[in-house]
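Welcome! Here is a short briefing to read alongside the sequence and the 3D view. Take it one topic at a time.

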Amino acid sequence: MDLWKDPVNFIATWLRGLLTGWGLPESAVSVFLTLLGIVILCVIVLVLDIFLVWVERKVVARFQDRLGPNRVGPFGLIQPVADIIKLLIKEDITPVGADKPVYNLAPLLSLMSVLILWAIIPLAPVVFGVDLNVGLLYLVAAGAIGTLSIIMAGWSSNNKYALIGAYRQVAVLISFEIPMLTTLLIPTIFAGTMGLKGITEGQDIWYLVLSPLGALIFLTASIAELGRTPFDMNEAESEIVAGYHIEYTGMKFGLFYAGELLHAFTFGGFWAILFFGGYRLFGLENLGPLVAALILMVKAMIGYWIIMWIKYTLARIRIDHMLAFNWKFLTPFAFVLLMVTALVHTLMRDASTWAYVLGMLLSNALLGWIALEIGRNYSRGVRGKAEGTKQVVEVAQR
């Protein structure tokens, strides 16, 4: 077994031989290696999270014509470490009347809900935690824990603003999870599996090419699930101060913040896996698992940058407009897209590759044109109604 071609199994085999040679039972060695793998993956992901803090602050600074962190360390790279130390030594305040067990557990669940998602991410053909055949179902179930932590934080804080933020997140979860789940079935149709590794290996042609509308709907619903602008109603500073985590201080607040950044990057990774080929890129993944993992990380960072770009460019959507957009447009459009994708896939799966791709693209183009026309007609109706109301008011004022 070559270290370069399969580093994880190479090191695991070496450690297993070493530990069994010391007289440890096979069952204890298996448990130890599993725990060691979990710890190493969590450490790597948390170090990545520290780097994301620097990236986020640098990107928003450029959007706002500022410099961002530039004093502590070269290019301000050590600034996140200084921030962590500051959060650790800040006073830990628990509000009067708070449900302490639930209050203290919520930030831990917020970060844990993101860390457990990395168990199913295929970083390379031979580097992954577990290859679940129901990986997409696991993604949905594990992601719901993050929303549960927000509900717990809002309810246990004994603060009306925190409770409003938590209730808003419930509304967003129920609404935008439906189109996200629907678009998750589109790569399943193409690949014939719900496993993320199988979906990655099945993308000889990126699924973005086959279903650009599916990729767009998944990104939109993911941003809403993350609670990021323009869908940040659970943390609307201008309305409810800081939303669900208003009563949290020190490192407890830091865990929420770290979970949000890592969650955005993780969903950038899932977007890359589902629609952009994951670790595959013109055969470069065959150069070694480190190259394949680097390809996936770059694609995930591009997705994360797009999420940041949207956050720091668009204004917040009013909650009634946001939910109306989902229930009246995004959800039915996602259902129609799924049915059309399944129909075209069934009719053309035996056709040539180029005919299949052309059929999928034309079906997406037709649906996109119909959706734009519906949106235009709806906008004209709303504008005409508003202008008519304005004229009535002007006449009444005369």
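F63, W305, W309 and Y312 come together in one aromatic cluster. Rings of Phe, Tyr and Trp (its six-membered ring) are paired if their centres lie within 6.5 Å; planes under 30 degrees apart count as stacked, over 60 as edge-to-face and the rest as tilted. This is a predicted model, in which local features need pLDDT of at least 70 and side-chain atom pairs count only at pLDDT 80 or more, while totals for chains, interfaces and linings use all residues. Residues are numbered from 1 along each chain as its sequence is written, and side-chain values use heavy atoms, with hydrogens and water left out.

**Aromatic pairs**

- The structure holds 17 aromatic pairs.
- In the pair of F190 and Y207, the ring centres are 5.1 Å apart and the planes meet at 50°, so this pair is tilted.
- F190 belongs to helix α6 (residues 160-191) and Y207 to helix α8 (residues 207-210), so the pair ties together parts that are 17 residues apart in sequence. Helices here (H or I, at least four residues) are DSSP runs, numbered from the N terminus.
- F190 is buried, with a relative accessible area of 12%, and Y207 is buried as well, at 2%. Buried means under 20% relative accessible area, exposed over 50%, and partly exposed in between (1.4 Å probe, protein chains only).
- F325 and F329 form a stacked pair, with 5.8 Å from centre to centre and 25° between the planes.
- F325 and F329 are four residues apart in helix α13 (residues 319-348), which separates them by about one helical turn. In general, an α-helix has 3.6 residues a turn, so residues three or four places apart point the same way.
- F325 is partly exposed at 33% relative accessibility, and F329 is partly exposed at 29%.

**Helix α1**

- Helix α1 (residues 7-21) has 15 residues and reaches 21 Å from its first C-alpha to its last, close to the expected 21 Å. That expected span is 1.5 Å times one less than the number of residues.
- Which residues of α1 are buried? They are P7, L15 and L19.
- The buried residues of α1 pack against α2 (26-63) and α12 (289-311), where contact means heavy atoms within 4.5 Å.
- After α1 comes G23, with a positive phi near 95°.

- On a 1 Å grid over the protein atoms alone, a cavity is a set of points where a 1.4 Å probe fits but cannot get out, and a pocket is an open set with protein on both sides within 12 Å along at least five of seven lines; lining residues have an atom within 4 Å of a point.
- Grid points are joined across faces, edges and corners, and a volume is the space filled by probe spheres set on the points.
- A search of the whole structure turns up three cavities of 30 Å³ or more, and the largest cavity has a volume of about 290 Å³.
- The largest cavity is lined by 24 residues, of which G146, I150, E225, L226 and H263 are the closest to its centre.
- α5 gives the most to the lining of this cavity, with eight residues.
- The largest pocket holds about 1300 Å³ of space.
- That pocket is lined by 35 residues, and the closest to its centre are V8, G37, L41, V127 and F128.
- The elements that give two or more residues to the pocket lining are α1, α2 and α12, and α2 gives the most, with twelve residues.

- F75 has a positive phi, near 60°, in a residue other than glycine. F75 sits in the loop between α2 and α3 (79-89) and is exposed, at 66% relative accessibility.
- F282 also has a positive phi, near 55°. F282 lies in the loop between α11 and α12 and is exposed, with a relative accessible area of 78%.
- A365 lies in helix α14 (residues 353-397) and is partly exposed, at 48%.
- The C-alpha atoms of A365 and I93 are separated by 54 Å, and these residues are 272 residues apart along the chain.
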